[in-house]
Amino acid sequence: MEALLFNVSGGFLEGIVRGYKAGLLTQNQYNNLTQCETIEDFRTQLSATDYGNFLANEPLPISTSTISDKATQVLVDQFNYLRSNAVEPLSKFLEYMTYAYMIDNVILIITGTLHGRNTNELLQRCHPLGIFDTMPALCVATNVEELYHTVLVETPLAPYFRDSVTAADLDDLNIEIIRNTLYKAYLEDFDAFCQSLGGPTAEIMHRILAFEADRRAINITINSFGTQLSKEQRAKLFPTIGRLFPEGNNALARADDIEQVRQACEPVAEYRAFFDSGSGAGRPNGQGGSESTANLLGDLGVSDELGAAADLEDRFFVHEVHLNKLAFLQQFQYAVFYSYVKLKEQEIRSLTWIAECIAQNARDRIHDFIPTF
């Protein structure tokens, strides 16, 4: 049924986003980038791709943070073009996509306020996709209480804050708990919205969001080991839309080590492979080493448990790329917009990794990225 009317309002933008997807870097282009000896060579190779001359006006030497920022701006410009041409319900879908970045931005500003930082400086560090019209109003707040009430009134995140967080919660110890509480409410709300759209959008987005929910539940569990977070508090942070819900979530809430996390994930075949230490399938770019891109260029003096968690994060990224690529196999649905942004973000992470390896002359690590296509 969706095939009859989808193109009336969504066909043009779906064509645009599939065109953007065709511009993602290929394996051959990644191979060319990894052969570069200097950042100048890297810039020259990128100019032959869809990125064009986006670094042409940058003076040498170009830092990797500049490359990341400029590449992110390319994505932001593309997203804003899509958003400015979208109508309901696609415009609402794209708005939901920005809420995740808004949560990170608001948490950044709250953290800065708690530490007495200049909030105008913090605004410069906010992710551009999470900028909203009334964000400068957050800079007016001089204390946490004011900031809380400003967030309740001035931001699109107000429903999540109102239902999940009180002003008394806003302190250093609770800031990550607040972030995960907001993400839980956001993921459940976004999934409910996608289900209301029905059709292939609901089916594909539920698969993607369910994985994101399970990934967050697993990460929260591993990161809470050895902290003051109680098992009851941990359980309240788990989204309820994942494939692990409810039995897996209950097992994760009781877990005390990585092995128990693995056992909780056993019932889901795809997740079981994440914990298979003998498998090279989950390694970035098909590599089989024990090092991880999560520890960018070094800092390898970590415990076995932290090392396992970092390796797990790489496997999550690989699976996320796989799910987002699958979204493009169906037409007449909005999931391609979400998937394109996620694939582009992974591409930017890979570009930054390669550039960092070139800058630090770490040629032995340069292939430890996760290609998209």
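Visitor: Why is Arg262 called partly exposed?

Guide: In this predicted model, Arg262 has a relative accessible area of 25%. Buried would need a value under 20%, and exposed one over 50%. Arg262 falls in between, so it is called partly exposed.

Visitor: What makes the pair of Arg262 and Glu266 a salt bridge?

Guide: The closest N and O atoms of Arg262 and Glu266 are 2.7 Å apart. The cut-off is 4 Å between a side-chain nitrogen of Lys or Arg and a carboxyl oxygen of Asp or Glu, so the pair qualifies. Glu266, at 27% relative accessibility, counts as partly exposed.

Visitor: How many salt bridges are there in the structure?

Guide: There are 19. One of them joins the side chains of Arg179 and Asp104, with 2.9 Å from N to O.

Visitor: How do you know whether Arg179 is buried or exposed?

Guide: Its relative accessibility is 19%. The limit for buried is under 20%, so Arg179 counts as buried.

Visitor: What separates Lys184 and Glu188 in helix 10?

Guide: About one helical turn, because the two are four residues apart in that helix. An α-helix has 3.6 residues a turn, so residues three or four places apart point the same way. The side chains of Lys184 and Glu188 meet in a salt bridge at 3.1 Å, N to O. Lys184 has a relative accessible area of 18%, under the 20% limit, so Lys184 is buried.

Visitor: Which residues form a network of salt bridges?

Guide: Glu212, Arg215, Arg216 and Glu320 are linked in that way.

Visitor: Why is helix 6 called roughly antiparallel to helix 10?

Guide: The axes of helix 6 (residues 90–114) and helix 10 (residues 175–197) come within 10 Å and cross at roughly 170°. Angles over 145 degrees count as roughly antiparallel, so the term applies to helix 6 and helix 10.

Visitor: What makes up the contact of helix 6 with helix 10?

Guide: The residues divide into 18 nonpolar, one polar and four charged. On helix 6 they include Lys92, Phe93, Tyr96, Asp104 and Thr111, and on helix 10 they include Ile175, Arg179, Asp189, Phe190 and Leu197.

Visitor: How do you know how helix 11 compares with the expected span?

Guide: Helix 11 (residues 199–224) has 26 residues and reaches 38 Å from its first C-alpha to its last. At 1.5 Å a residue, 38 Å is expected, and the reach is close to that. Gly226, whose phi is positive, near 80°, follows the helix.

Visitor: Why is helix 11 described as largely enclosed by the rest of the structure?

Guide: Of its 26 residues, 20 are buried, so the description holds. Thr221 has its place in this helix. Thr221 is at 0% relative accessibility, and buried means under 20%, so Thr221 counts as buried. Not counting residues up to four places away in sequence, Thr221 touches Arg234, Phe238, Leu252, Ala255 and Val261.

Visitor: Where does helix 11 meet helix 17, and at what angle do the axes cross?

Guide: The axes of helix 11 and helix 17 (residues 335–359) come within 9 Å and cross at roughly 35°. Ile204, Met205, Ile208 and Leu209 of helix 11 make the contact with Ala335, Tyr338 and Ser339 of helix 17. These residues divide into six nonpolar, one polar and no charged.

Visitor: What makes Lys70 partly exposed?

Guide: Its relative accessibility is 33%, which lies between the 20% and 50% limits, so Lys70 counts as partly exposed. Lys70 lies in helix 5 (residues 64–85). Leaving aside neighbours within four places in sequence, Lys70 is in contact with Phe54, Leu55 and Glu58. Lys70 and Ile348 are 278 residues apart in sequence, yet 9.7 Å apart in space, C-alpha to C-alpha.

Visitor: How many helices and strands does the protein chain have, and what share of its residues is buried?

Guide: The chain has 17 helices and zero strands. Buried residues make up 52% of its 373 residues. Among contacts with a separation of 6 or more, 67% come from residues 24 or more positions apart.

Methods:
Residues numbered from 1 in each chain as written. Predicted model: local features only at pLDDT ≥ 70, side-chain atom pairs only at ≥ 80, totals over all residues. Heavy atoms only, no water. Expected span 1.5 Å × (residues − 1). Buried < 20%, exposed > 50% of the residue type's maximum accessible area, 1.4 Å probe, protein only. Axes fitted to C-alpha atoms, helices over the stretch in contact; angles between N-to-C directions. Parallel < 35°, antiparallel > 145°, perpendicular 65-115°, else oblique. Contact = heavy atoms within 4.5 Å. Nonpolar A, V, L, I, M, F, W, Y, C, P; charged D, E, K, R; others polar.
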